[in-house]
Amino acid sequence: MVRTVVLPVLIAVVGLAGVAGGCGRGDLEAVKEAPGQTGSQEPTAAGGGGAVVDPARDVALGELAETGGWGIRVVTVADAKSAGGATASDGRILVVVEFELTNTAAQPRHIGQVDFRLTDAGSAEYRAVPTIGEEFIFNTPQPIEAGETRNIRIVYDTPSPVPSGLVLRFQPFLQAGAMADPVEVRLD
C-alpha cells in the first residue's frame, strides 16, 4: 500500500523538478548489449524473441526470464559518469542497466527499485541511485498494465573501475509480503 501512495507523489515531485540530465546513448562510456540487441528497441512481448528460462537458475544478458507475474530481459549494461540526473563522485562510476519488463499477470502491477539488487563477484551490494526521467525505475509511471512491456533503466553507484562479476537480482514482491522466485542476470 505504501508503494501505491508514495510513488505517485515521488513522480509528481520529480516531474516538477524537470530533467536535469539524461542518460542518452552519447553519455555512456562503455556499453554491453545483448546479442542481436541495440538497446532502447521497441518493447517486445514476453514470450517473443527467445526461450523462457527456469527462474531458479541464472540467465545471461539478453535472455528472457519469468517470475512472479513478470517477464524480464536485460538488453544493455553501460558505465557512465552521469545518468538520469545522477553524477558519479570521484573514484566512482555509474552502472546503467536497461531492461524490458513485461507484466504477465492478469492485473495492473507496481514495480520499484526495491525489487532489484546489484552484486559483484565478491558479494558486495550496490545501491540504486535516484534518477530523473520516466525511463528510469524511480520514475516509471505506475501501475504497469497487464500485458504491458516497458523499457526501463536502473542506475547503480559502484567503484571505478566497474567491479567484475556483476549480477542483477530481480525478486519482485507478491501479495501479503511474499517474494517471487529470484532471477539472477549475469551482466558480464
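Of the 188 residues of the protein chain, 45% count as buried, where buried means under 20% relative accessible area, exposed means over 50%, and partly exposed lies in between (1.4 Å probe, protein chains only). This is a predicted model, so local features need pLDDT of at least 70 and side-chain atom pairs count only at pLDDT 80 or more, while totals for chains, interfaces and linings use all residues. Residues are numbered from 1 along each chain as its sequence is written, and side-chain values use heavy atoms, with hydrogens and water left out.

**Overall fold**

- Read from the N terminus, the order of elements is α-β-β-β-β-β-β-β-β-β-β-β-β-β.
- Among contacts (heavy atoms within 4.5 Å) between residues at least 6 apart in sequence, 70% join residues at least 24 apart.
- About 8,800 Å² of the protein chain is accessible surface, and 56% of that belongs to carbon and sulfur atoms; the areas come from the Shrake-Rupley method with a 1.4 Å probe, and for residues only the protein chains shown count as cover.

**Nonpolar cores**

- In soluble globular proteins, nonpolar side chains tend to be buried together.
- A nonpolar core here is a set of buried Ala, Val, Leu, Ile, Met, Phe, Trp, Tyr and Cys residues joined through side-chain atoms within 4.5 Å.
- The largest nonpolar core holds 28 residues, and V74, F99, L101, F116 and L187 touch the most other members.
- Strands β5 (70-80), β8, β9, β11, β12 and β13 each supply at least two residues of this core.
- Another core, of nine residues, lies apart from it and includes A80, A88, V96 and F136.

**Salt bridges**

- Side chains of opposite charge can pair when their charged atoms come close.
- With a salt bridge taken as a side-chain nitrogen of Lys or Arg within 4 Å of a carboxyl oxygen of Asp or Glu, the count comes to seven.
- One of them joins R153 to E98, with the closest N and O atoms 3.8 Å apart.
- Because R153 sits in strand β11 and E98 in strand β8 (residues 92-103), this pair ties together parts that are 55 residues apart in sequence. Both R153 and E98 are buried.
- R150 pairs with E148, the closest N and O atoms being 2.7 Å apart. R150 is buried at 14% relative accessibility, whereas E148 is partly exposed at 24%.
- R117 and E125 also meet through their side chains (3.3 Å, N to O). R117 is partly exposed at 37% relative accessibility, and E125 is partly exposed at 48%.

- T149 lies in strand β11 (residues 149-159) and is buried, with a relative accessible area of 15%.
- The side chain of T149 makes a polar contact with the side chain of T102 (2.5 Å). A polar contact is a pair of N or O atoms within 3.5 Å; within protein, one must be able to donate a hydrogen and the other to accept it, and residues adjacent in sequence count only if both atoms are side-chain atoms.
- A105 is in the loop between β8 and β9 (116-119) and counts as buried at 16% relative accessibility.
- Not counting residues up to four places away in sequence, A105 touches G69, A146 and G147. A105 and G69 are 36 residues apart in sequence, yet their C-alpha atoms are 4.7 Å apart in space.

**Surface patch**

- V114, F173 and M179 make a nonpolar surface patch of about 250 Å². Patches are made of residues with over 30% relative accessible area and no salt bridge, with like charges joined within 9 Å and nonpolar side chains (Val, Leu, Ile, Met, Phe, Trp, Tyr) within 5 Å.
- M179 belongs to the loop between β12 (167-170) and β13 (183-186) and is partly exposed, with a relative accessible area of 35%.

**Backbone points to check out**

- Most residues other than glycine have a negative phi, and most peptide bonds are trans.
- The peptide bond from Q142 to P143 is cis, with omega near -5 degrees, and P143 is in the loop between β10 (125-126) and β11.
- The peptide bond from S160 to P161 is also cis, with omega near 0 degrees, and P161 is in the loop between β11 and β12.
- S123, in the loop between β9 and β10, has a positive phi near 70 degrees and is exposed at 62% relative accessibility.
- A176, in the loop between β12 and β13, has a positive phi near 60 degrees and is exposed, with a relative accessible area of 87%.

Technical notes: Helices (H or I, at least four residues) and strands (E, at least two) are DSSP runs, numbered from the N terminus.
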